[in-house]
Amino acid sequence: MDNDRTTTAPSRLRAGFVGAGFMAEVHSRAARAAGADIVAIASSSRASADRAKDRLGVQRAYDSAQDLFEDDAIDVIHICTPNGTHYGLAEAALKAGKHVVCEKPLATNVQDAAELVELAAMAGTVATVPFVYRFHPMIREARERISSGQAGRISAIQGSYLQDWLLSREDDNWRVDAVVGGPSRAFADIGSHLCDLLEFVSGERITKVSAMSRTLFPGRANNRDIQTEDLVAAVFATDSGSVGNLLVSQVAPGRKNRLMIEIAGSESTLQFDQEAPETLWLGKRAGSQLLVRDPGALSPEAARLSVLPAGHPQGYQDAFNAFVADTYAAIGGDLREGLPTFQDGLRSAVLTQSIIKSSKDGEWVDVPNTKEPVGVQL
């Protein structure tokens with residue numbers, strides 16, 4: 001293993017991709033924007049890799065992911081495959097001494113996620129998970145206003161992540177299959193983003209949850225026995241004594257990708273809606289206002305992520321580009337604020353299993369603290 005890669009990097013990082021779907025397209029745009037060469041790709045078959053090579057403009061295709069991992073010319077691996085494959089692929093990439101960007105969920109259970117955290121630490125390589133909504137400038141502005149005390153003492157936290165792409169019985173996708181996508185769907189897929197954002201912005205940790213989940217269709221077009229949930233509702237408490245609630249749904253008509261968080265403090269409330277990412281609502285007892293993204297008026301971290309002048313909207317791909325750019329900066333030895341690592345992927349796995357257990361048992365569940373080593377069986 002070449003441990004020097006954790007402190008120095010070539011002038012242009014050389015990226016390899018596993019997976020050829022929508023997320024590979026998003027990752028490839030971000031990798032190029034960050035100045036990397038995408039030198040190789042592997043997929044579920046050589047034919048799929050060949051098609052993706054031409055579509056994404058990759059230099060060469062491989063027969064298998066392992067062949068890609070063994071290529072010494074590749075510095076960083078992007079894993080953009082179905083959930084159930086993440087653990088095995090990330091494990092192999094880390095053992096090959098590669099830096100890794102692994103799509104979430106990092107793993108479909110806590111034990112596998114914890115093993116990947118330990119393996120990444122032993123490998124001495126950079127290992128990140130794309131919780132990319134952290135990289136909206138107005139999210140960083142909200143985080144700064146809370147951490148600096150401008151919002152006052154936090155009392156309540158709420159959020160929702162609503163989509164409608166699986167609204168009807170005829171809508172189908174590999175994610176609904178628990179074997180391929182894991183035991184949780186709606187929460188692991190999008191609720192993970194919501195909880196990551198709630199904790200990242202508030203600075204608080206969810207310590208107890210009480211959840212309910214529902215599966216509207218026991219069968220879909222190509223899947224006869226659906227075990228994964230369509231929606232989840234939960235109430236929770238945090239380590240500082242705040243209370244909160246959340247709603248996650250992939251069957252909410254008209255909601256395409258509506259991720260909203262609202263955090264109430266003693267001085268003000270902050271609300272962010274990622275479908276309107278250029279603004280942050282500041283609620284006050286008198287004189288509420290809508291803060292518009294303007295680099296000259298924002299905190300340093302928010303201004304750093306404002307790559308376009310005020311009035312030129314930034315969105316999801318810009319946030320993804322910033323995440324990948326900060327990952328590559330870390331590979332070069334420059335660790336920047338807020339980079340989500342495999343430790344954050346483990347945190348998401350712990351929260352997901354806590355939600356599953358609470359929904360199944362109909363009881364409050366204590367959420368383990370993943371700031372410390374995790375040896376938990378839920």
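Q: How many of the six residues of strand S2 (residues 37-42) are buried?

A: A residue is called buried when its relative accessible area is under 20%, exposed when it is over 50%, and partly exposed in between (1.4 Å probe, protein chains only). In S2, five of the six residues are buried, and the strand is mostly covered. This is a predicted model, in which local features need pLDDT of at least 70 and side-chain atom pairs count only at pLDDT 80 or more, while totals for chains, interfaces and linings use all residues. Residues are numbered from 1 along each chain as its sequence is written, and side-chain values use heavy atoms, with hydrogens and water left out.

Q: What is the order of the open sheet of six strands?

A: Strands of a sheet pair through backbone hydrogen bonds, either parallel or antiparallel. Strands (E, at least two residues) and helices (H or I, at least four) are DSSP runs numbered from the N terminus, and two strands pair if DSSP finds at least two bridges between them. Here the order is S3-S2-S1-S4-S5-S6, with parallel pairing. Strand S3 (60-61) and strand S6 (127-128) are the edge strands, each pairing on one side only.

Q: Which residues stand opposite one another, such as the one facing Ala42 in S2?

A: Val18 is opposite Ala42; S1 and S2 run parallel and are joined by five bridges. Strand S4 (residues 76-79) and strand S5 (residues 99-102) also pair in the parallel sense, over four bridges, and Ile79 stands opposite Cys102 in S5. Helix H10 packs on this sheet and touches strand S1 (14-18), S4, S5 and S6. Contact here means heavy atoms within 4.5 Å. The direction of H10 makes about 150° with that of S4, where axes are lines fitted to C-alpha atoms, for helices over the stretch in contact, and angles run from 0 to 180 degrees between N-to-C directions.

Q: In what order do the nine strands of the open sheet with mixed pairing stand?

A: Their order is S14-S13-S12-S11-S7-S10-S9-S8-S15. Strand S14 (289-292) and strand S15 (365-366) each have a single partner strand, so one side of each is left without a neighbour in the sheet. Strand S7 (residues 154-162) and strand S10 (residues 243-249) run parallel and are joined by seven bridges. Gln158 has Asn245 in S10 as its bridge partner.

Q: How many residues line the second largest pocket?

A: Its lining has 22 residues, and Arg134, Glu199, Phe200, Arg205 and Asp344 lie nearest its centre. The pocket holds about 400 Å³ of space. H8 and helix H11 (342-361) each supply at least two residues of its lining.

Q: Is Asn83 buried or exposed?

A: Asn83, in the loop between S4 and H4, has a relative accessible area of 8% and is therefore buried. Not counting residues up to four places away in sequence, Asn83 touches Lys104, Pro105, Thr108, Trp174, Val180 and Gly181.

Methods
1 Å grid on protein atoms, 1.4 Å probe; cavity = no way out; pocket = protein on both sides within 12 Å on 5 of 7 lines; lining within 4 Å. Points joined across faces, edges and corners; volume = space filled by probe spheres on them.
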